[in-house]
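This report describes how selected parts of one protein chain are packed together. Please keep the sequence and the three-dimensional view at hand while reading.

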Amino acid sequence: MFQGADVNGGDHEHQYTCLHFAALANKPDMCQLLFQHGAKVDAINSVKRTASAIGAFVGNHECVALINNFVPKEDVYYYTRKQPFEEEAKLPLKMAKPLHELVMTMNTHPIKVALVLKAYPDELLDNLPTLCKILELMSEREFKNRRDVNEVMALKYHMLYYIVKDIKKQKDKETDEPKKTPFIDRWIKSMLIGRESDGYAVFQENFLRQGVKEFSFLESQLFKSLVANFHHCQNYGDGLSAAEYINQAFNGQRGFRDDENCETCGDEKAKKKCAACKGVQYCSGACQKYHWFIHKKYCAKLKGTLSF
């Protein structure tokens, strides 16, 4: 399609790249195509604005999220090659593709992360120590080994590391005694357990806030912004959840939200509603099943408070 053209070139008078124009035009498919051909997400125009900043200015949220979360494959495959003084590479090749999928996700909700691991049992779920180590290294690399610090990716890798580390910790406690429910499903349900009054996932809220708190690079403005948001939202359930604040930090803030998130994994544009109460939404039947042990306690009550 590009006939050998440089996707980062064009000699525009204000130094706009193709990615700048794709973000301005709200063309997420074109953004994806440009990524595949080597578009640089950190290229700036004459007023020092990246494509992400330009897209955010005009409210093109989907393009902003895509650009903010883009990870070149090389950033993952780098670890599959043996480095000097290493006896073997840090990352087995079979883990590279699913790991790249994980770090490219635009939703870092802990249950979404767990579902990605579940989808790759041999590559990721059975190799949690390696996965933890690579995610930790990737977070450190964004701050320590680059001229231009990428706070978004540093914090994102850290949160992925923090979630995977807890899954590993809980898995290490498992005994050889057979269990009726697979471990990863039990971990998912542990993250959904809510308070008695309304089912709000207090444990998950505290878990994610602690994860942000453990971020090593305290000078990060993104870190400071999240801490401030958490401080101003002490009454759980009154404002955004920690998972929503964190996803906004990675994907860019929006002035309004015109759709509902999945009650279980936080995915946007959840279209499936509980058939009984119509009060909560899910992205899939699987997520609805995971959440039912919580929702069934409040379904009838919620139905009574809603007017149609």
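A nonpolar core is a set of buried Ala, Val, Leu, Ile, Met, Phe, Trp, Tyr and Cys residues joined through side-chain atoms within 4.5 Å. The model considered here is predicted.

**The nonpolar cores**

The largest nonpolar core holds 70 residues, and those that touch the most other members are Leu99, Leu102, Val103, Leu117, Leu131, Leu135 and Ile167. Helix H9 supplies the largest share of this core, namely 12 residues. Leu131 illustrates how such a residue is surrounded: apart from its neighbours within four places in sequence, Leu131 is in contact with Met95, Leu99, Leu102, Leu117, Leu124 and Val164. A separate core of 13 residues lies apart from the largest one, and its members include Leu19, Ala23, Ala39 and Leu66.

**Helix H6 and its surroundings**

Helix H6 covers residues 93-104, which makes 12 residues. From its first C-alpha to its last, H6 reaches 18 Å, close to the 16 Å expected at 1.5 Å a residue. Which residues of H6 are buried? They are Met95, Ala96, Pro98, Leu99, His100, Leu102 and Val103. In general, an α-helix has 3.6 residues a turn, so residues three or four places apart point the same way. The buried residues of H6 are covered by parts of the chain that include helix H5 (73-77), helix H7 (110-119), helix H8 (128-144) and helix H9 (151-172).

**Two packed helices**

Two packed helices are described by the angle between their axes and the distance between the axes. For H7 and helix H10 (residues 183-192), the angle is about 175 degrees and the axes are 10 Å apart. Angles over 145 degrees count as roughly antiparallel, and H7 and H10 are therefore roughly antiparallel to each other. On the H7 side the contact is made by Pro110, Ile111, Ala114, Leu115 and Lys118, and on the H10 side by Ile184, Asp185, Trp187, Ile188, Met191 and Leu192. Sorted by class, this contact between H7 and H10 has nine nonpolar residues, two charged residues and no polar ones.

**Individual residues**

| Residue | Relative accessibility | Class |
|---|---|---|
| His109 | 7% | buried |
| Pro28 | 15% | buried |
| Lys269 | 48% | partly exposed |
| Phe85 | 89% | exposed |

His109 lies in the loop between H6 and H7. Not counting residues up to four places away in sequence, His109 touches Gln204, Ala243, Asn247, Thr264, Cys265 and Gly266.

Pro28 lies in helix H2 (residues 28-36). Pro28 and Val64 are 36 residues apart in sequence, yet their C-alpha atoms are 8.8 Å apart in space. With residues up to four places away in sequence left out, Pro28 touches Glu62, Cys63 and Leu66.

The remaining two residues concern the backbone. Most residues other than glycine have a negative phi. Phe85, which is not a glycine, has a positive phi of about 75 degrees, and Phe85 is found in the loop between H5 and H6. For Lys269, phi is near 60 degrees, again a positive value in a residue other than glycine. Lys269 is found in the loop between helix H13 (242-251) and strand E1 (272-273).

Terms used. Residues are numbered from 1 along each chain as its sequence is written. This is a predicted model: local features need pLDDT of at least 70, side-chain atom pairs count only at pLDDT 80 or more; totals for chains, interfaces and linings use all residues. Side-chain values use heavy atoms; hydrogens and water are left out. Helices (H or I, at least four residues) and strands (E, at least two) are DSSP runs, numbered from the N terminus. The expected span of a helix is 1.5 Å times one less than its number of residues. Buried means under 20% relative accessible area, exposed over 50%, partly exposed in between (1.4 Å probe, protein chains only). Contact means heavy atoms within 4.5 Å. Axes are lines fitted to C-alpha atoms, for helices over the stretch in contact, and angles run from 0 to 180 degrees between N-to-C directions. Angles under 35 degrees count as roughly parallel, over 145 as roughly antiparallel, 65 to 115 as roughly perpendicular and the rest as oblique. Ala, Val, Leu, Ile, Met, Phe, Trp, Tyr, Cys and Pro count as nonpolar, Asp, Glu, Lys and Arg as charged, and the others, Gly among them, as polar.
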